[in-house]
Amino acid sequence: MMKSPDEEHPQKVFGWAARDTSGVLSPFNFSRRVNGDNDITLDVLYCGICHSDLHSIKNEWNNAVYPMVPGHEIVGIVTEVGSNVTKFKVGDKVGVGCMVGSCHSCDSCAQDLENYCSKIMLTYNFEYYDGTRTYGGYSNKFVVNEHFGVNVPDNIPLDAAAPLLCAGITVYSPMKYFGLSKPGMHLGVVGLGGLGHVAVKFAKAFGMKVTVISTSIRKKEEAIDRLGADVFLVSRDPDQMQAAMGTLDGIINTVSAPHPLLPLICLLKNDGKLIMVGAPDKPLELPVFSLLIGRKVIGASCIGGMKETQEMLNFAAKHNITADIEVIPMDYVNTAMERLAKGDVRYRFVIDVGNTLKSS
Ligand SMILES: NC(=O)c1ccc[n+]([C@@H]2O[C@H](COP(=O)([O-])OP(=O)(O)OC[C@H]3O[C@@H](n4cnc5c(N)ncnc54)[C@H](O)[C@@H]3O)[C@@H](O)[C@H]2O)c1
Ligand SMILES: [Zn+2]
Ligand SMILES: [Zn+2]
């Protein structure tokens, strides 16, 4: 006999959802599947607010389905494990990022690149195998196949670790893949937000020289004194940009809005690489001549596979790398979104789900 949706999804969950393109979030009751043999269930303790959450709730990528519960920088404590689960036991600290499923049989999956599997399942705003919607971490409880959970090392504070699950892996993976993690290299980081500030920290831990490229001088002192950057370039200052031409081995570009690429390409040395990780909602203009001259490369990257996400977390733990965060209560989330849109956060909002998400 067919089961009713309530029998299939009997775990009652409470979260906050966006209902329309205004992106305004409000309390939302829903359910998740029962913990399967390969699943873990977790109590969500913290969830970071990624700029992708903001793009998504406002339907800036034209793929929103409402109600939408965002959140893919999730940390929590395991409360239940299925009979086949080997990576986790009840009470373990667990992290979940942007993915909750992949095919496990394609070339990408075979190379631990589930993030490039054509059957990838995203943590929210996606249709799961069973036809239900996926709902993210702005919620008190989460169920996930253990493959898509990572162990959070003991010495990282859980709140400041949360942003590593998306922001951390998104910058770590391309730095490794594109060979921009070698000691002595000179890396540029454009956009000093959630992704950018973590990129600075990883680059310093790799032993690189780091130049932050930002539209205003406001964050200069912090970038140098607190985050450890070596140089701060104001992109709106033509003299500074001119003087820095041809100095960078690579750039990690985290900018979330459309912007000109030419000034960035000019900062690269010959054979330098401009790596796009920011996801503006409109196409950017490609100044081809500036690439031809000096054999420069433009690349891009999307989060990272599960194996590398665990590697990144272990590396972060070893080097004391966490995000600089502003912890907020759940009911502050709409204000936080407005502030994020204005770039008014140093450098990641993290929702204290465990203590402040009260079911109605
Ligand atoms: N590739 C991936 O896998 C991946 C993963 C996570 C996030 N993202 C995307 O990366 C981007 C950044 O995410 P975030 O969470 O770090 O956002 P954020 O808002 O914390 O940081 C973005 C930074 O870009 C700056 N910025 C915005 N508009 C600018 C402009 N026109 N010129 C120069 N700088 C500008 C902001 O001041 C801010 O410092 C978003 O588009 C997000 O969707 C991509
Ligand atoms: Zn993200
Ligand atoms: Zn696959």
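**Exercise 1.** How many of the 12 residues of α6 are buried?

*Solution.* We're working with a predicted model, where local features need pLDDT of at least 70, side-chain atom pairs count only at pLDDT 80 or more, and totals for chains, interfaces and linings use all residues. Residues are numbered from 1 along each chain as its sequence is written, while chains are lettered from A and ligands numbered from 1 in the order in which they are written.

Start with the helix: α6 covers residues 194-205 (helices are DSSP runs of H or I, at least four residues; strands are runs of E, at least two; both are numbered from the N terminus). Next, apply the cut-off: a residue is buried if 20 or more other C-beta atoms, placed from the backbone, lie within 10 Å of its own. The buried ones include G194, H197 and F202. The count is 10 of the 12, so α6 is largely enclosed by the rest of the structure.

**Exercise 2.** Work out where S214 sits and what it touches.

*Solution.* Then check burial: S214 is buried, because 23 other C-beta atoms lie within 10 Å. Now list contacts (C-beta atoms, placed from the backbone, within 7 Å). Leaving aside neighbours within four places in sequence, S214 contacts L192, K219, F232, V234 and S235.

**Exercise 3.** Find which residues V171 touches.

*Solution.* Skip residues up to four places away in sequence, and V171 touches L195, V198, A199, F202, I252 and V277.

Note on methods: Contact = placed C-beta atoms within 7 Å. Expected span 1.5 Å × (residues − 1).
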